[in-house]
Amino acid sequence: MSIDQKKINIFIPIEIKNRELLSKVLLSNFIIKNNKKKARCYIGSKTQIKKLISLKKSYGGVFIYKGGLSFNQIQEIKKKIEKFIILDEELGPAVDNLERSMSKRFWEGTEKYIDRLYLIGKYACEIGKKVYPKLSSRIIMSGWPRVDLWRPELNYIFDNSVKKLRNKYGNFILFSSDFTFNSINRINREEDVWRNSEWKVMSKNLSRITDNAKKVFSEYQDTIKLMRVLDENKD
């Protein structure tokens, strides 16, 4: 694949297709329109985007990610990419402790590689400047691509999915959950990852993270019970 050198090349990796792809396509649309079509966006899995960057024969472009990377990964990217930008969509209003959550988003000492940090809303920006004083001048308040998808003019994106659900189930209520931990096995797998993580803040806080995971699992179980009660209510 050749990369057009006449355009600003922007590389946007995604982790989970169902959760991130549409918002990243919308973000790309905003970027291209605001740059009068002088930008070109590449969206793909983390593996394929990193491979594409590694095959670049020239220096330049922008890498937009949702969080920090280890020293080795970020240094490799910066060999080929001019700007490393973070748009952290996971630090939204639903996070109960932004300061604590932010402290786990970057490897300590990698701030010098981050050219710009976009955070959602004024409050998040204020917390960000407190947690990352070295990044203070590079923190920018932004919107939230995932929530921008809720704009009425974008409802057409989901029309087919809504019709399929209605045809199959009739009237329905759809809610978005983020329990993550829906079994003890799921918690155990994550514990193994955290325990052996090269990210020190994860292994240091293993007991607190485990306690939080168990609370989330308990909330998941309570929610399942509630949904069964609501399902039996025919009024």
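Y156 lies in the loop between helices α6 (145–148) and α7 (159–169), where helices (H or I, at least four residues) and strands (E, at least two) are DSSP runs numbered from the N terminus. The structure is a predicted model, in which local features need a pLDDT of at least 70 and side-chain atom pairs count only at pLDDT 80 or more, whereas totals for chains, interfaces and linings use all residues. Residues are numbered from 1 along each chain as its sequence is written, and side-chain values use heavy atoms, with hydrogens and water left out.

With a relative accessible area of 57%, Y156 is exposed; here buried means under 20% relative accessible area, exposed over 50%, and partly exposed in between (1.4 Å probe, protein chains only). Together with L22, I157 and F158, Y156 makes a nonpolar surface patch of about 360 Å². Patches are made of residues with over 30% relative accessible area and no salt bridge, like charges being joined within 9 Å and nonpolar side chains (Val, Leu, Ile, Met, Phe, Trp, Tyr) within 5 Å. A salt bridge is a side-chain nitrogen of Lys or Arg within 4 Å of a carboxyl oxygen of Asp or Glu, and accessible areas come from the Shrake-Rupley method with a 1.4 Å probe, only the protein chains shown counting as cover for residues.

Helix α7 is hardly covered, the count of buried residues among its 11 residues being 0. The helix is followed by G170, whose phi is positive, near 80 degrees, and which is found in the loop between α7 and α8 (184–195).

The strands give a contrasting picture of cover. Both faces of β3 are covered, with V62 and I64 on one side and F63 and Y65 on the other all buried. Two strands are taken to pair if DSSP finds at least two bridges between them. Strand β1 (residues 8–14) pairs with β3 in the parallel sense over 2 bridges, and F11 stands opposite F63 in β3. Strand β3 (residues 62–65) also pairs with β4 in the parallel sense, over 4 bridges; I64 has I85 as its bridge partner in β4, while Y65 stands opposite I86. Between these two strands the chain crosses through helix α3 (residues 71–78), and this β-α-β crossover is right-handed, meaning that, with the strands pointing away from the viewer, the path from the first strand over the helix to the second runs clockwise.

In strand β4 (residues 83–87), 4 of the 5 residues are buried, so the strand is largely enclosed by the rest of the structure. Strand β4 runs parallel to β5 (residues 116–120), to which it is joined by 3 bridges, and L117 in β5 is the bridge partner of I86.

Overall, the secondary structure of the protein chain comes to 10 helices and 6 strands, and of its 235 residues 36% count as buried. The chain averages a pLDDT (the predictor's confidence in each residue, from 0 to 100) of 87, with 95% of the residues scoring at least 70. Confidence is highest in β3, at 96, and lowest in helix α9 (residues 200–204), at a mean of 70.
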